[in-house]
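Subject: Model for you to look through

Hello,

Here is the structure I promised to pass on. My notes follow below it.

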Amino acid sequence: MRVLGIETSCDETGVAVYDTAFAGVEGLRAQALYSQIALHAEYGGVVPELASRDHVRKLLPLIRQTLADAGMGVGDLDGVAYTAGPGLVGALLVGAGVARALAWALDKPAIGVHHMEGHLLAPLLEAPDLEPPFVALLVSGGHTQLVAVDAIGQYRLLGETLDDAAGEAFDKTAKMMDLPYPGGSQLAALAATGSPDVYKFSRPMTDRPGLDFSFSGLKTQVLLAWRASDQSPKTRADIARGFEDAVVDTLAIKCERALDAAGCETLIVAGGVGANVRLRAKLAAMAARRGGRACFPRPALCTDNGAMIAFAGALRLQAGQQNDAAIQVMPRWDMACLPPLATSRDSAFVNAREPAR
Ligand code: KG4
Ligand code: ZN
């Protein structure tokens, strides 16, 4: 089954074609990504209206390009998948509208994919042998969640952030220290040149039981340290290193607790912060020490992309799931509401349960 995937939930227009005749990343026949970073940079953050308009400009050319790269025409597609939420409503509507129109014209099924399920399933592109149960750490600009994956499509929230997401904390901290937007990856690059232990920040909420996170206090600690410092390039790098170590240690401590709580030894990591080199090394070492396994997508598949949507959509379409021909998006959407991935065609479902609003 050849599925076109469309991602437009925020500031990246992503398109890919996934073919289920192949295993894992081999099935990725072509993909294209257009980042709106330059468009939003002068505002220091994503401007939703500008994001929507840019998706309108870029989506059709990217679809043409992706199909050409895959050596296919629209008639070769067996289905269309699009991000239906969570995300910016106007941006989501662009992808949903184009996907539904294409599916209607081709008389093929279409499915709205949960953006975080797309992230969560991306590690399976790298390791097709991976089978639940496992624990997923989802760390993006909007989410920080620990999820028990009992089966594909069956997700139990173990813990989440009570305030800022990990990526948001990276971005806000970078902005405080005058790094250009988007700051997360820039802060990580700067941290690589800093010395450990010059600045030691707290590991929030690790001194008590539980699997929730809180990163906003850490951000304030960094702000106070930055203001009180000489603000030299070396100090900035040392503070960046101290901040990154605090986030990475906190995530690793909670991941280990989550593995204990779920009673399994496989950890998968997904979302933009999953591209962080120090986080990957720390979690891989932790899993290895326990005799378990940590799986990550390659960095380009950690951040937003069309491949994860094509892949997640293909799994659901292949299981006989599809949505009605309505353009419906869910800016807020609880992943626990998703139907399990049934394996037979007679399991017609579809976002049947109302998403949380
Ligand atoms: O998953 P993603 O591309 O978009 C959302 O769905 O939010 O995640 C973007 C987030 C941003 O906050 C960005 O700063 C962060 O991921 N990020 C990183 C790194 N690369 C991207 N954070 C830390 N280290 C990185 N190398
Ligand atoms: Zn994302």
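First, a term: two strands pair if DSSP finds at least two bridges between them. Helices (H or I, at least four residues) and strands (E, at least two) are DSSP runs, numbered from the N terminus.

This is a predicted model, so local features need pLDDT of at least 70 and side-chain atom pairs count only at pLDDT 80 or more, while totals for chains, interfaces and linings use all residues. Residues are numbered from 1 along each chain as its sequence is written, chains are lettered from A and ligands numbered from 1 in the order in which they are written, and side-chain values use heavy atoms, with hydrogens and water left out.

**The hairpin**

Strand S7 (residues 144-151) and strand S8 (residues 154-160) run antiparallel, joined by six bridges. Leu 146 faces Gly 159 of S8. Two residues sit between the strands of this hairpin, and Gly 153 has a positive phi near 95° there.

**The zinc site**

Which residues hold the zinc ion (ligand 2)? The protein donors are His 115 (NE2), His 119 (NE2) and Asp 304 (OD), at 2.0 to 2.1 Å. Donors here are N, O and S atoms within 2.8 Å of the metal (3.2 Å for Na, K and Ca); water is not among the atoms, so sites may look incomplete. The sequence spacing of the donor residues is H-x3-H-x184-D. His 119 belongs to helix H4 (residues 115-126) and Asp 304 to the loop between helix H10 (299-302) and helix H11 (306-318), so the pair ties together parts 185 residues apart in sequence. Both His 119 and Asp 304 are buried. Buried means under 20% relative accessible area, exposed over 50%, and partly exposed in between (1.4 Å probe, protein chains only).

**Ligand 1**

Ligand 1 has 19 residues around it, and Gly 141, Asp 171, Gly 272, Asn 276 and Asp 304 come nearest. A residue counts as near if one of its heavy atoms lies within 4 Å. The shell divides into five nonpolar, 12 polar and two charged residues.

- Asp 171 puts a polar side-chain atom 2.5 Å from an oxygen atom of ligand 1.
- Gly 272 has a polar backbone atom 3.0 Å from an oxygen atom of ligand 1.
- Asn 276 has a side-chain N or O atom 3.0 Å from a nitrogen atom of ligand 1.

The protein buries 84% of the 550 Å² that ligand 1 exposes when taken alone. Those areas come from the Shrake-Rupley method with a 1.4 Å probe. H4, helix H5 (166-176) and helix H6 (183-191) are the elements that each give two or more residues to the shell.

Most residues other than glycine have a negative phi, and most peptide bonds are trans. A cis peptide bond joins Gly 85 and Pro 86, with omega about -15°. Pro 86 is in the loop between strand S4 (79-85) and helix H3 (89-106). Another cis bond joins Pro 132 and Pro 133, with omega about 10°.

Met 205 has a positive phi near 65°. Met 205 counts as buried because its relative accessibility is 15%. Gln 231 also has a positive phi, about 55°. Its relative accessible area is 40%, so Gln 231 is partly exposed.

Best wishes

Technical notes:
Polar contact = N/O pair within 3.5 Å; in protein donor to acceptor, adjacent residues only side chain to side chain. Nonpolar A, V, L, I, M, F, W, Y, C, P; charged D, E, K, R; others polar.
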